[in-house]
Amino acid sequence: MRVLVPLAFLVLALALCPSAEAHASLARATPTPNGHVDANLTAVTLVFTEDVERSYTSVDVKDLARKSYAAGPLVFDERRDTVHLPLRPLPDEPSPKFQL
């Protein structure tokens, strides 16, 4: 009986705790993922549902040939839920396609 009382409290405590997400989710992005971009795009901005861990966060913009257009390291806003990636000039071709 002495074991069951602490066990019951543990089960009750776990049941009442809010569930925790292991990862932040993408709330919005500029440009929109899987959308079309203009050749004059200079940066990508990603806003997450919660703070992101800098050491585990990576972002890249690639064309269909998998060539990267990242121009530098990620820039994190003070709020830590927004990330900016500066870009090298994108090729000025008819209807270029890129993957975010």
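What percentage of the 100 residues in the protein is buried? In this predicted model, buried residues make up 23% of the 100. The accessible surface of the protein comes to about 7,600 Å², and carbon and sulfur atoms hold 57% of that surface.

Let's walk through the fold. The protein has one helix and six strands, and from the N terminus on the elements run α-β-β-β-β-β-β. Of the contacts with a separation of 6 or more, 51% join residues 24 or more positions apart.

Four strands come together in an open sheet, ordered E1-E2-E5-E4, with antiparallel pairing. Strands E1 and E4 sit at the edges, each pairing on one side only. In general, strands of a sheet pair through backbone hydrogen bonds. E1 and E2 are joined in the antiparallel sense by four bridges, and Thr30 has Thr45 in E2 as its bridge partner.

| E1 | residues 26-30 |

Thr82 counts as buried because its relative accessible area is 6%, and the cut-off for buried is under 20%. Leaving aside residues up to four places away in sequence, Thr82 touches Thr45, Leu46, Val47, Val75, Phe76 and Asp77. The side chain of Thr82 also makes a polar contact of 3.0 Å with the side chain of Asp81.

Note on methods:
Residues are numbered from 1 along each chain as its sequence is written. This is a predicted model: local features need pLDDT of at least 70, side-chain atom pairs count only at pLDDT 80 or more; totals for chains, interfaces and linings use all residues. Side-chain values use heavy atoms; hydrogens and water are left out. Two strands pair if DSSP finds at least two bridges between them. Helices (H or I, at least four residues) and strands (E, at least two) are DSSP runs, numbered from the N terminus. Buried means under 20% relative accessible area, exposed over 50%, partly exposed in between (1.4 Å probe, protein chains only). A polar contact is a pair of N or O atoms within 3.5 Å; within protein, one must be able to donate a hydrogen and the other to accept it, and residues adjacent in sequence count only if both atoms are side-chain atoms. Contact means heavy atoms within 4.5 Å. Accessible areas come from the Shrake-Rupley method with a 1.4 Å probe; for residues, only the protein chains shown count as cover.
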